[in-house]
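Hello,

I am passing this structure on to you, and my notes follow below it.

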Amino acid sequence: MSGQGADALIRLVGITKTYGTGQAAFQALRGVDLDIGAGEFVAVMGPSGSGKSTAMNVLGCLDTPSGGEYLFRGVHVERLERNQRALLRRHYLGFVFQGFNLLARTSAQENVELPLLYRGEEAGARHAAARAALARVGLAGWEAHTPAELSGGQQQRVAIARAIVTNPLVLLADEPTGNLDSQRSHEIMELLVALNRDQGITVIMVTHEPDMAAYARRVVRFVDGRVASDERREAEAASCS
Ligand code: ADP
């Protein structure tokens with residue numbers, strides 16, 4: 001069964017995270033156990049301050065836990081050196097943020113090429129892959145436009161193209177529709193659903209909005225640094241809009 005047992009793509013066991021020391025120490029994660037299987041679409045919800053971002057940073061290898069185990073395809077991430085974690089991030093993970101995080105005076109094409117540049121891929125391959133990724137998110141013909149020339153929804157599409165251009169196994173999205181109106185939000189969710197369904201990309205998405213969480217087949221709720229509930233449902237919610 002997906003997400004269960006030893007074949008989980010991602011496995012968190014008793015993950016803790018403490019910020020600060022002594023009197024000022026604050027435990028943001030208090031023992032998180034979570035298995036996520038390849039191909040899942042998971043919404044992460046919970047009140048502000050419940051540890052969602054901290055957990056996403058750990059999952060994204062952007063931060064290290066204070067305790068517990070993080071297995072990614074059976075590899076103990078918490079034992080990796082910083083540069084090994086960066087490699088894992090670069091090869092297997094894609095990131096999408098609420099604020100798009102695009103380079104301002106840089107074309108959509110060049111924004112999407114950046115991760116490939118960091119990987120040292122040559123120009124021809126970069127150009128082709130970025131064009132294909134932009135087409136995949138519905139932006140064929142918009143390659144030369146800078147973020148200022150694009151709507152919010154289009155900017156988030158560019159950010160998604162940048163996240164998938166490396167063919168990641170996992171897409172980590174932190175409130176990807178937080179800056180968008182309702183219609184644009186639903187369009188972005190349809191795109192994430194399509195990437196999950198057609199390319200098998202595992203999607204883990206933080207959202208405050210029940211409407212957006214309804215696209216996921218599983219909702220994990222954080223409260224006070226722990227997983228308070230974990231609900232799976234059939235896929236019908238993803239296709240009913
Ligand atoms: P959420 O994403 O659910 O809003 P966070 O993971 O951002 O929650 O934060 C969980 C708790 O950890 C909050 O109380 C927050 O203030 C605290 N926290 C987050 N990051 C830091 C940090 N760098 N230093 C100290 N405390 C932090």
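In which helix does Gln-156 lie? Gln-156 is part of helix α5, where helices (H or I, at least four residues) and strands (E, at least two) are DSSP runs numbered from the N terminus.

Before going further, a word on the source: this is a predicted model, in which local features need pLDDT of at least 70 and side-chain atom pairs count only at pLDDT 80 or more, while totals for chains, interfaces and linings use all residues. Residues are numbered from 1 along each chain as its sequence is written, and side-chain values use heavy atoms, with hydrogens and water left out.

**Helix α5**

Of its 13 residues, 12 are buried (under 20% relative accessible area; exposed is over 50%, partly exposed in between, with a 1.4 Å probe and protein chains only). The buried residues of α5 pack against β6 (93-97), α3 (108-118), α4 (123-136), β7 (170-174) and α6 (182-199).

Gln-156 counts as buried because its relative accessibility is 0%. Leaving aside neighbours within four places in sequence, Gln-156 is in contact (heavy atoms within 4.5 Å) with Val-96, Phe-97, Gln-98, Phe-100, Pro-176, Leu-180 and Ile-188.

Arg-157 sits in helix α5 too, and is buried with a relative accessible area of 17%. Not counting residues up to four places away in sequence, Arg-157 touches Val-137, Leu-139, Glu-187, Ile-188 and Leu-191.

**The ligand**

Now to the ligand. The residues around the ligand (a heavy atom within 4 Å) include Tyr-19, Phe-26, Pro-47 and Lys-52. By class, this shell has 4 nonpolar, 6 polar and 1 charged residues (Ala, Val, Leu, Ile, Met, Phe, Trp, Tyr, Cys and Pro are nonpolar, Asp, Glu, Lys and Arg charged, and the others, Gly among them, polar). Both β2 (26-36) and α1 (52-59) supply at least two residues of the shell, and α1 gives the most, with 3 residues.

A backbone N or O atom of Gly-49 is 2.7 Å from an oxygen atom of the ligand. For side-chain N or O atoms, the distance to a ligand oxygen atom is 2.8 Å at Lys-52 and 2.5 Å at Thr-54. Taken alone, the ligand exposes 560 Å², and the protein buries 58% of that (areas by the Shrake-Rupley method with a 1.4 Å probe).

Best wishes

Terms used. Polar contact = N/O pair within 3.5 Å; in protein donor to acceptor, adjacent residues only side chain to side chain.
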